[in-house]
Amino acid sequence: RLANRVSAILGIDIWEKNFRYLSEHHEEARTEDHLWFNLMRNNSKERAEKVLALALEVLPLDEFCTGPDTKTQFQRDIQDARVSFALSAILQIIQPFPGMGANLLAKTLNSPIISDRNMSMNVIEKWSASDLENSKLIDVLKDVVQKEPEDSVKDKIQKVLVGIGH
């Protein structure tokens, strides 16, 4: 953590070093959520694509994203909270790049944590109708809107679906 703070102050880009560490240490990638936030600095589309691929490879998303619930990050066990915090960083990394991350978003829309689903919708709201059509997320959105227990998230999903004529 200190090295990342110092590098930011000095204007030194250590993104590749942080990414390599996560790529080589999958257990830490699953348990040390703060490491994903280190990848938010000096972001580019190429870097966001690399982070996305790594997240899909190493995070236990199938075990975590079991369906919408009304939980907050602090109502889950510590491992689930760590996955959720990692997702917060990853969703922020891909947000500036509309159309990126459909596979991750399909999973995070089924997160039991409200903030994960809200952040997923923040990403999706920046997408064009053609991005959504090409991504196959429309079917996921139609599915999750039926089971979404949180009104604010449900409203966001319905707004996106209406906006694209579904």
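Student: Okay, what does L132 touch, leaving out residues up to four places away in sequence?
Tutor: L132 touches I124, W127, L137, I138, L141, V160 and I164. Contact here means heavy atoms within 4.5 Å. Keep in mind that this is a predicted model, where local features need pLDDT of at least 70, side-chain atom pairs count only at pLDDT 80 or more, and totals for chains, interfaces and linings use all residues. Residues are numbered from 1 along each chain as its sequence is written, and side-chain values use heavy atoms, with hydrogens and water left out.

Student: How many residues are in the largest nonpolar core?
Tutor: That core has 50 residues, and L132 is one of those with the most contacts inside it, along with W36, L59, I124, L137 and L141. A nonpolar core is a set of buried Ala, Val, Leu, Ile, Met, Phe, Trp, Tyr and Cys residues joined through side-chain atoms within 4.5 Å. Buried means under 20% relative accessible area, exposed over 50%, and partly exposed in between, using a 1.4 Å probe and protein chains only.

Student: And which helix gives the most to this core?
Tutor: Helix 7, residues 78-94, with 8 residues. Helices are DSSP runs of H or I with at least four residues, strands are E runs of at least two, and both are numbered from the N terminus. The chain has 12 helices and 0 strands.

Student: Switching topic: which residues of helix 2 are buried?
Tutor: W15, N18, F19 and L22, in a helix that covers residues 15-24. Seen down the axis of helix 2, they fall within an arc of 95 degrees, so they line one face. The arc is that of the directions from the helix axis to the C-beta atoms. On the face turned away from the buried side, helix 2 carries the exposed residues K17 and E24.

Student: What about loops? Is N38 buried or exposed?
Tutor: N38 is buried, with a relative accessible area of 10%. Its place is in the loop between helix 4 (34-37) and helix 5 (45-58). The C-alpha atoms of N38 and A89 are 8.7 Å apart, though 51 residues separate the two along the chain.

Student: And K136, where does that one lie?
Tutor: K136 lies in the loop between helix 10 (129-135) and helix 11 (137-147). K136 is exposed, at a relative accessible area of 66%. Its phi is near 70 degrees, a positive value in a residue other than glycine.
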